[in-house]
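Let's walk through this protein together, starting with the overall fold and then zooming in on one strand and its neighbours.

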Amino acid sequence: MSGIERLAVVGAGSLGQAFAGLLAASGQSVTLLASAATAARLSTAGRIRLRGVVELDAPVAPAPAGAGVVGLTDDPARLPARAGLIFATKGHQLEAAVQSVRAAWPGAGDEASWVAGVQNGLVKDDVLRRAFGERRVVGAVTILGAGREVGGEVTVYSRGMTYLGEFPSGVSERVSEAVALLGKAEIPAEATADIASVLWSKECNAVGVFGVSVLTRLSASATMRIPELIRAYLSLVRETAAVAAAHGVQVGDYAGFSIRTYVERSDEETLARMLAPGPAAPSAPAGPPIMPSMTQDLLAGRPMEADEVFADVAIRAEKVGVSVPRIELARDLICGLNRMLTAGAVKG
Ligand SMILES: NC(=O)c1ccc[n+]([C@@H]2O[C@H](COP(=O)([O-])OP(=O)(O)OC[C@H]3O[C@@H](n4cnc5c(N)ncnc54)[C@H](OP(=O)(O)O)[C@@H]3O)[C@@H](O)[C@H]2O)c1
């Protein structure tokens with residue numbers, strides 16, 4: 001199955017606006033399905049504003065819009081045919097978004113369209129498979145970093161890599177097409193023959209980074225300067241990698257997360273390397289340290305993706321009989337915090 005004509009995005013948050021804005025700025029056609037409130041706000045603003053490592057304003061107009069303009073809608077029926085549809089909602093918003101899209105899209109006879117999710121965690125692809133069927137789902141991982149600001153603009157912190165690949169493995173024509181469309185928009189993208197390895201490696205990093213940062217309320221860079229916290233990170237990475245191995249997946253080293261190295265090397269060596277004085281850091285941007293997204297959610301009193309990142313991997317561990325006591329402790333603490341957040345009992 002190949003032959004999409006464009007990419008489209010569900011969710012006009014940090015990542016959704018960054019992807020849609022960059023695609024439009026490269027002269028491509030792109031549709032962005034937003035919540036009603038955000039569609040109204042962007043429509044009034046008339047543009048998506050990306051700042052940070054990207055400085056651009058992308059005009060928005062009701063979908064379908066012409067090339068170079070983000071076609072904005074809050075109606076899934078206005079999503080285009082023959083599209084690769086990237087879901088960029090939070091993990092806990094995915095099921096509802098998928099259900100509303102599936103009720104209206106893809107249309108009968110549209111065999112080419114496919115879906116992908118960029119949420120943290122592994123469960124997103126199960127949600128997509130249940131709704132759209134196995135053959136429509138392309139595996140995706142992104143480490144492009146972005147955050148919404150109170151003024152409405154999106155700060156793009158880094159143009160991190162986006163990986164795409166087929167399940168259970170392999171690269172197809174549709175994956176290569178999507179990588180080319182993203183590349184044209186200067187969104188770094190790579191086709192990978194082993195998307196499961198990338199997904200699990202990112203999950204190892206997410207469990208480690210979020211586990212330590214949420215429970216200490218420190219930035220990732222601060223935690224990586226403290227020996228006890230590096231050990232905590234590595235222990236969570238090791239447990240997650242053991243679950244991956246029991247599922248037949250070997251973790252790897254990818255840009256931004258050298259998980260295979262962390263697992264194969266002794267913790268003592270990793271600690272020594274991380275704590276060794278290095279060359280002076282290149283002029284660090286001014287301002288407060290950047291918190292991992294889950295810590296940002298905690299501090300802002302928003303629900304965290306705790307079930308998708310922690311509870312889900314604990315379930316996957318139990319299924320294959322792997323003992324993960326540290327992940328279970330992190331799950332209980334973070335899911336407990338999340339319960340209070342979602343009940344409105346914790347503010348910051
Ligand atoms: N941001 C990053 O740097 C980054 C990096 C890698 C992975 N991720 C993952 O990517 C996912 C998205 O992150 P994010 O930071 O972009 O989140 P976000 O800023 O909260 O954006 C989520 C967007 O989805 C919208 N939405 C929710 N339900 C919807 C529905 N049914 N229909 C249409 N839109 C809907 C939200 O609407 P409202 O506008 O009304 O809130 C919001 O605009 C998360 O799972 C995150 O873990 C993020």
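This is a predicted model: local features need pLDDT of at least 70, side-chain atom pairs count only at pLDDT 80 or more; totals for chains, interfaces and linings use all residues.

Numbering runs from 1 along each chain as its sequence is written, and side-chain values use heavy atoms, with hydrogens and water left out.

How does the overall size work out? The C-alpha trace spans about 55 × 45 × 45 Å along its principal axes. The radius of gyration is 20 Å, which agrees with the value near 20 Å for a compact globule of 348 residues; this is taken over C-alpha atoms, and the globule rule is 2.2 Å times the number of residues to the power 0.38. Of those 348 residues, 52% count as buried, meaning under 20% relative accessible area with a 1.4 Å probe, protein chains only.

Now zoom in on strand E5, residues 70–73. Val70 and Leu72 point one way, Gly71 and Thr73 point the other way, and all are buried. Strand E2 (residues 30–33) runs parallel to E5, joined by 4 bridges, and Thr31 has Gly71 as its bridge partner. Strand E4 (residues 56–62) is also parallel to E5, with 3 bridges, and here Val60 stands opposite Val70. Strands count as paired if DSSP finds at least two bridges between them.

Key: Buried means under 20% relative accessible area, exposed over 50%, partly exposed in between (1.4 Å probe, protein chains only). Helices (H or I, at least four residues) and strands (E, at least two) are DSSP runs, numbered from the N terminus.
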